[in-house]
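Please keep the sequence and the structure in view.

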Amino acid sequence: MENGREHWDSRTAFILAAIGSAIGLGNIWRFPYVCYKYGGGAFLIPFLVALFTAGIPLMILEFGLGHKMNAAAPKAFRKTGPRREWLGWFALGVSFIIICYYAVVMGWAANYLKFSFTLEWGNTYTEIKSFYYDRFLGLTEGVNHFGSIKGWIVFALGLCWIAIIASVWEGAKTVSKVVYATVLIPWGILVIFMIRGLTLPGAFEGLRYFLTPNFSALLDIEVWAAAYTQVFFSLSLGFGVMIAYASFLPRKTDIVNNAFIICLADAATAFVGGIVVFSTLGYYAVQEGKAVADVVASGPGLAFVTYPAIINQLPVASQLFGVMFFLMLLTLGIDSAFSLTEAVSAGFLDKWKVSRKTVNFSVAGVAFGIGLLFCTGSGLLWLDIVDHFMNHFGLMIVALLECVVLGYFFDLESIRTYANRNSEVTVGRWWNFLVKVVTPLALLVLIGYEIFDRVKGAYGGYPRWAEFLGGWLVLLLILAAAVLLARKKGSRE
Ligand code: PHE
């Protein structure tokens, strides 16, 4: 250990941990759908442009900052200027809220893992749909009807939290070991599903839907906005996660090449995810005698309704594929979940002389408590609202301020030369331009677009008061907490 800070076991462990954080539910239930919806194969162009002009540069920036300052987000920002610590806490606040519901989604997947053994969700699509929404979630008719808390979800949520705490038990040291399983298992399962998917009748019909390019989509700003949003979210940027993870690297380390490897691995995984999802959707459409366009889905609907229906239809070993699918979701999710937990805990440990266990258990306890809200009959609806605001405002605001603060009120060049110092490939001055101009402009457009949309109407057609409580108020509370935490004097200062 140098400087008393724990370190990754190896470079591979760090790369896997960062990849594990980046690949998550977003690669399976978000990317394929977004790609299909916004131009199919043509979407790969804005996606790759976003990856290279914003994703990779920001990854290098977050790695450079975390490593140079040798600290998680709050302290790293404080070291760039005394009044900036709040920004780090704000990022961690967003992470904390996300982990509250991300763990609940994992709890759903854990329940479904059990259901797979008996295909308990029913036989027909209608049955499966009603099983998920009515019996399993007990979904009520609106945000103001909470219904009851579902014990099976709470129980699974508890188990997931135990797994998360165990994974970050001794910080980077434990994570270094766990990530081999949590990255390699889902990758292995994805490959199996890809082979299975491609050998099913109808697979290519599905892929045709997924990838047939619609080049006129490139003229639509919404398509570009979707590409940038997907890249930020998928790479776990703007959450303080990558800053904390880089701070656990040994002093002499590669930054630029690591960033490239991680970003490209995430993109490749998303692409394979698309092949898996659409080849099986193609098969399912053929079985049902429907068009692929009529069976596409994303988000929870894809994972917990459409996919179980597809699994039922598989010619051999349905149960086995069911088990593998939900095991894949769980292992994809858990390293994203513990990366968020670790980022938050590292922030507290940098500032206060408390034990890691105390911090971890406190974070888990409070997040579990808040998570109960998402285990109620209107949990899915609240989850939807909170998730939208965290990703379309929280992440974007952090990333924008990160670029502006470091680009204009700090010596950005010093981060570039720092990142280049021990890197196999180095970045030129074009990187400064991307961080100072291109990425913040993209973010400004995204935020502007979103504000415009919210002025027009409440998100998702929910009542305004619910949008306020689950969206704006949560953001305000995070901001208030961030400012308070930044003003408090820590016992390590
Ligand atoms: N990148 C993850 C995904 O694609 C989500 C995530 C966001 C994980 C933020 C950690 C931090 O699902």
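Where is Thr253 found? This is a predicted model. Thr253 sits in the loop between helix H11 (241-247) and helix H12 (256-288). Its relative accessible area is 10%. Buried means under 20%, so Thr253 counts as buried. Leaving aside neighbours within four places in sequence, Thr253 is in contact with His67, Asn258 and Asn422.

Now the pockets.

| Pocket | Volume | Lining residues | Main contributor |
|---|---|---|---|
| Largest pocket | about 1,300 Å³ | 44 residues | H16, nine residues |
| Second largest pocket | about 650 Å³ | 29 residues | H19, nine residues |

In the largest pocket, Arg30, Asp387, His388, His392 and Tyr459 lie nearest the centre. Helices that each supply at least two residues of this lining include H2 (25-37), H5 (85-116), H10 (221-234) and H18 (430-456). H16 gives the most. By class, the lining of the largest pocket has 26 nonpolar, nine polar and nine charged residues.

Which residues lie nearest the centre of the second largest pocket? They are Gly93, Phe96, Ile97, Val366 and Ile370. H5, helix H14 (318-351), helix H15 (356-371), H16 and helix H19 (464-487) each supply at least two residues of the lining of the second largest pocket. H19 gives the most. This lining has 25 nonpolar and four polar residues. It has no charged residues.

Notes:
Residues numbered from 1 in each chain as written. Predicted model: local features only at pLDDT ≥ 70, side-chain atom pairs only at ≥ 80, totals over all residues. Heavy atoms only, no water. Helix = DSSP H or I, 4+ residues; strand = E, 2+ residues; numbered from the N terminus. Buried < 20%, exposed > 50% of the residue type's maximum accessible area, 1.4 Å probe, protein only. Contact = heavy atoms within 4.5 Å. 1 Å grid on protein atoms, 1.4 Å probe; cavity = no way out; pocket = protein on both sides within 12 Å on 5 of 7 lines; lining within 4 Å. Points joined across faces, edges and corners; volume = space filled by probe spheres on them. Nonpolar A, V, L, I, M, F, W, Y, C, P; charged D, E, K, R; others polar.
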